[in-house]
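Please open the model in a viewer and keep the selection panel at hand.

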Amino acid sequence: MKDVIVGLGNTIVSDDGIGIWVAEKLKADYQDIDISQALYSGYYLLDYIFGYDRAIFVDSIKTEKNPVGDVSLYRMSDFKNRSRTSIHSTDLISAIETARLYGMDVPEHIYFIGIEILDNITFQESFTPEVESLKESIYMKVKEKIEEIMEEIMSEKDLMQKIADSNKSVISGIDASEIEHWVDIYYQGRKFTVPAAVTIMQALEFAGMMLVHSCGCRAGFCGACATIYRVKGDYKLRTSMACQTKVEDGMYLVQIPFSPAEKANYDINEEKYEDNTLLKIYPSIARCVSCNTCSKACPQDIKVMDYVNAAIRGDYKRVAELSFDCIQCGLCAMRCPADIVQYHVGQLARRMYGKYGRPNVENTDKAATAVEAGDFNEEFKKIFDMTPEEVKELYVKNMKDKESA
Amino acid sequence: MATLKLINGYPESMRESIKKVEETRAGRIGKLPEPMSLDARKDILDLCHPDFAEGGKREVKVGVSKGILATNEVADLLEAYPLVDKEDVDLSKVDYEVDLLVIGGGMAGTGACILANDNGIPANKMLLVSKLRHGDSNSIMAQGGTQAADRPEDSPTRHFMDALGGGHFTNKKDVLKALCEDGPIAMKWMGELGVLLDREPDNTFTELLGGGTSRRRMHAAKDYTGLEELRAMKDEFLSREIPSLEFYPVVELLSDGKKVTGALLWGLETHEYKVVRAKATVLATGGFGRLHIRGFPTSNHYGATGDGLALAYRIGAKLLDTDTVQYHPTGAAYPQQLIGQLITEKIRSKGAQPVNVNGETFVYPLEPRDVEASSFIKECYINNLGVPTPAGMMGIWLDTPLINIIHGEGATDKIFPGMVRMFSRFGIDLANDPILIFPTLHYQNGGVETDPECHTNIEGLYVAGEVTGGVHGKNRLMGNSTLDCIVFGRRAGIAAAKYIKSQSEYGKLSLDHLDGYIAELKDAGVQSGRVSPMLLPDYRGRAALARMIDVVW
Ligand SMILES: Cc1cc2nc3c(=O)[nH]c(=O)nc-3n(C[C@H](O)[C@H](O)[C@H](O)COP(=O)(O)OP(=O)(O)OC[C@H]3O[C@@H](n4cnc5c(N)ncnc54)[C@H](O)[C@@H]3O)c2cc1C
Ligand code: SF4
Ligand code: SF4
Ligand code: FES
C-alpha cells in the first residue's frame, strides 16, 4: 500500500495555511507515509496523488456552521449531494472523477480532512488569533482522523481474513481437528477414514492423494471423475461422478479416468444426412441387446438405450434431444455388454442434427456477411472519434432504449 | 461410525433458520428492498468488495510491467522463481518440432488449432498441449450463454457500447471492436460445426437479455452452453487428427532472445520434461480461480491456476488490469460438496430472494454482481446475520421455493433442471427448501495484453481467451467470455498461420531470458522457494501435508 498525505493551502492568506502547517508537523509523526504540501487546486493537484493507492487531503474549510477549529472527515461520496464553499478540493473532486473516467492512475481511496477556519481572505502570513490558539488541538484532531482512516482499513483487512478463515477447508484442505463425523471408504481396496460430509473427490484428497487424473471441472460438467463402487453388503455395482457424490460408509471404489472407446473420424461436411449414416460410421450400434445397463450407469440420468435405439433408426433429432446432457464420462460404454461407444454416437448425431437437421438462421448469416463487407466500419469510426463524454452519453442513450426481457 | 443427522439435506441447526425463512415467506412476496443509490453502492463496495477492501493488492516489483497493481496472489505468481533450473534441461534434444504449438485445451486453444488448420497448417505440424485432459477447462462449465449481436434490432456497435459501459470504459477499444464484430461470424461457425444452440419455433435463435446489455443477444444451449460448444469443437479437432498431449503442462516458454520459439513441458505423471520447438505459439491457458484470491471459494476448474500469466510475463509479455477480479454473488455455500459452484443469476431473476438467518430480506436481489456480492458479505460478516454451516462457513439463504409460488407448481423443475439435479444429489429439494449461497471467485478480468490479431508484444507469441487482458476492461459482462474464446481462438489460429508461412526456419531454443528475470527477483529481495507456475492447487490439508517426505531412489 502506498499512501500520501497532501496538505493544501496558501500560507500568505492567514488561516488558509493551516493545511500546510499540519502537513509539516505530520512529517515527524508519520515517517513511512509520503507527505507533501501544495498550494494549487483542481487538476494541478492530481500530480501529487498519481500512482498512490490512498490519498488523504488536509485542507481548511469554511462551512460557517461548525465552530472554528473543528475537524471533519469526508469521502468522495460526501461531495456529491452537498455544495461546499471555500475548500480547495471542490474542483479537485471533478478533476478526480474525470481522471478516473480517462483511466488514469488515481488512488482508489481518497479522503478529505477539513479544518474549520475563520479567515481565508486577508493577506497575512500568520493565522488569526483564534486558529493560532487552537492549532495544537487541531493537529491532534487531524491525527485522530488519520487513525480513524487507518483503523477502517484494518477492519477491512480483518473482514477479508475472517472470510478466508471460514473458507479454509475448500481453499487449502480439510482440517481433521474440525471434523466430528467420519466414515470408512476403500480406495482400490485400501481403507481410509475420511470426513462424512465430503465428496469422493474431497475424501481422496483428504486421504493424502494429490489428484492428477480423475479431476477436471470439480462441478459435474467434464466427465473426468467417473467412479465405480460397491457399498459393503450390497451386491450392486454403482457408477457416479466423484465430484458430485458424497462418500458413504463402506464404499469400495475405483476411478476410471479414461475410457478406451474409439471415436470414429469423419468430415462432417462430407457426411450425408441420411438414415443410415450413424450405422455406417458406428456399425456396432446394431449389436445393442436392449439390456438398458447403459441407462442405469449414466450419472446424468440419460436414457442412453433409447438414444442408441433412435440412432439405429437414424432419428437424429431424438438422439440429439435424449443425449443432450451427456458429459462424455464413458461409463455407459464401460458397462455395455455389446461394446458400443454410445457417447461418441450421440456426439456425431448431435452435430449432424445441428448442421443439417435445422435450417440456417438467416439473421445470423446476414449479420456475418454485413460484418465481412465492413458495413459497420463507419459507425465504429464515429464512436472511436467521440470524446469520453460523448461516449458516455451514447451509452446512457442506448441503455434508455433497452429491450425488455 | 456416527454420521451427521440430516433432515432433507440439512442439519438441525440449519433447519431452525429455515423455519424462520418459511414463517416470513408469505409476507415477503412482492415486497423487495429498494435498489441502492449510486452513492450507497459505492460505499458498500468500498467497505466489503474484495477488490476494494484494503490489503488485497500490491505493485509488482519485477518485469516489463513493473509497478502494475495486482492482487497479492497474482503478484506472488509473478514474483516467483522458475520451477526448473535451466542447467537441468537439455534443449538440444527436441521432442516435438511443429509449426504451431497451442497451449491449453479450452475453447480458445481448440478453436485456434481448427482455424490454423483451415488456414493451411497441416494437422501433423501442430500440437495442442494441456495440463489436464483436453476439454477439462472453464469453457466446459459455462452455463448461461454466449453473446452475439446477430438480430436486425441489434448491431455490433451496440454490443460494443454495452460492453464498454459494463467495463467502466476501460476496455481496449480495438480489441473490443473485433470481439463484437466477430460475434455473428462466431455464431455462424457454431452452426457449421453443428452446435445445437436453443431455437425459437420460427427457427431463429432464442436470445435472452443479459445483465448490463441493451439488446437480447445471449445464445444458450440449455444450461450446458460451454459443454455443447466445446464438445463439438473437440470432436472436429479429433476428427482432423490434430495431435495433442494431455497431462503435459508448459512450465516455461522458450526463446531465441527475441521471439518465442517453443516451450518446455513437464509430465504430471512421468515427471520428465519434453522440449517443443515451434514457429508460433498460442497461449490459451485460461483463468486463475484456483488461486483463491482473498481466500474465496471458486467456480473454476481444477487447472485454473493462472499459469499463463507467469509464463508470458517471464518472457517479457505485458500485462493489463491484473488488479480486478470478478466475484459472482451466488456460489453454493452448502453442502460442503458444492462449495463455490455456480448458481446461475437467472434464479434471482425468477423470484428467489436472498434472506438472512432470520428470514429477512436485506438487499434488492438484482443489484450489479459486485454490489450484490458485497451486501452478502456485509450481512454475514459485519451484521453477523449469516447462516453458519457445519463446516464453519457463513452463507445467505436464496429462497428458491418462491419460484414455484410465483410461476406455478413445477416451474423450478422446468426452468432449472441442471440446478435441481445438482442439489438433489445431496438430498436437497430446492423447490421446497431454500439453498445457501456465498460469493464465489469467478473470472479473471485482466491478463496478457493483446491486439485484435492476438499478437503480444513478443514476436511468435499469440494469446487468446481468459488469459488475456483488455477486451473486457475492468469488468466483464455475462456471456462475453465464451464469445471471447471463440472469436480470439479463431483469430489467433488465423494470425499464427499467416506468421508461420513467413518463417522459413525454426528459432534457437533457450532459457536465457530467465537469467535477467532471476536477477531482478533477487534485487527485489524475493525469497527463494517461491516458484511458479502453480500447475495444480493442493487440497490435501494439513494433516496429510505435515507427514509428507520426498523420497529419492
Ligand atoms: C462455472 C463457470 C460458468 C461460466 N459461465 C459463462 C457463461 O455463461 N458465459 C460466458 O461467456 N462465460 C462463462 N464463463 C467464463 C468462460 O467459460 C471462460 O472464461 C472461458 O471459457 C475460458 O476459456 P479459455 O479457453 O480461455 O480457458 P479454459 O477453457 O479455462 O481452458 C484453459 C486450458 O488451459 C489448460 N492449461 C492451464 N494451464 C496450463 C499449462 N501450464 N500448460 C498447458 N495447459 C494449461 C487447462 O488445462 C485448460 O485446458 C463461465 C466460467 C465458469 C468457471
Ligand atoms: S451418456 Fe454415457 S458418457 Fe454420457 S453422461 Fe451418460 S454415461 Fe456418461
Ligand atoms: S448397454 Fe449396450 S447393449 Fe445394453 S442397452 Fe445399452 S447400448 Fe444396448
Ligand atoms: S471433475 Fe468434472 S465432472 Fe467431476
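How do the residues of the shell around ligand 2 divide into nonpolar, polar and charged? They comprise nine nonpolar, three polar and no charged residues; here Ala, Val, Leu, Ile, Met, Phe, Trp, Tyr, Cys and Pro count as nonpolar, Asp, Glu, Lys and Arg as charged, and the others, Gly among them, as polar.

Before continuing, please note that this is a predicted model, in which local features need pLDDT of at least 70 and side-chain atom pairs count only at pLDDT 80 or more, while totals for chains, interfaces and linings use all residues. Residues are numbered from 1 along each chain as its sequence is written, chains are lettered from A and ligands numbered from 1 in the order in which they are written, and side-chain values use heavy atoms, with hydrogens and water left out.

**Stop 1: ligands 2 and 3**

Select ligand 2 and display its surroundings (residues with a heavy atom within 4 Å). Among the residues found there are Cys298(A), Cys326(A), Cys329(A) and Cys332(A), together with Tyr307(A) and Tyr343(A). Next, select ligand 3, which is surrounded by 13 residues. The closest are Cys288(A), Cys291(A), Asn292(A), Cys294(A) and Cys336(A). By class, this shell holds nine nonpolar, four polar and no charged residues.

**Stop 2: ligand 1**

Select ligand 1, around which 39 residues are found. Ser139(B), Gly145(B), Glu466(B), Ser481(B) and Thr482(B) are the closest. Now show the backbone of Gly145(B): one of its backbone N or O atoms lies 2.8 Å from a nitrogen atom of the ligand. At Lys131(B), a backbone N or O atom is 3.3 Å from a nitrogen atom of ligand 1. A polar backbone atom of Gly479(B) lies 3.4 Å from an oxygen atom of ligand 1.

**Stop 3: where chain B meets chain A**

Colour the two chains separately. In contact (heavy atoms within 4.5 Å) are 117 residues of chain B and 108 residues of chain A. The two chains bury about 10,400 Å² between them, 57% of it on carbon and sulfur atoms; buried area is the accessible area (1.4 Å probe) that two parts lose on being put together, summed over both. Select Glu54(B), Leu196(B) and Arg231(B), which supply 8% of the area that chain B buries against chain A, more than any other three residues.

How many salt bridges are counted between chain B and chain A? The count is nine, each being a side-chain nitrogen of Lys or Arg within 4 Å of a carboxyl oxygen of Asp or Glu. One salt bridge joins Arg54(A) and Glu54(B), with the closest N and O atoms 3.3 Å apart. For the largest share of the side of chain B that touches chain A, select helix H5 (residues 156–166) of chain B, which gives nine residues.

**Stop 4: the two domains of chain B**

Select residues 3–51 + 329–441 of chain B as domain 1 and 82–324 + 445–513 as domain 2, bounds that come from an automatic or database domain assignment. Over C-alpha atoms, the centres of these domains are 33 Å apart. The contact involves 18 residues of domain 1 and 17 residues of domain 2, and about 1,400 Å² is buried between the domains, 56% of it on carbon and sulfur atoms. Across this interface the rule finds zero salt bridges.

How values were computed
Helices (H or I, at least four residues) and strands (E, at least two) are DSSP runs, numbered from the N terminus. A polar contact is a pair of N or O atoms within 3.5 Å; within protein, one must be able to donate a hydrogen and the other to accept it, and residues adjacent in sequence count only if both atoms are side-chain atoms.
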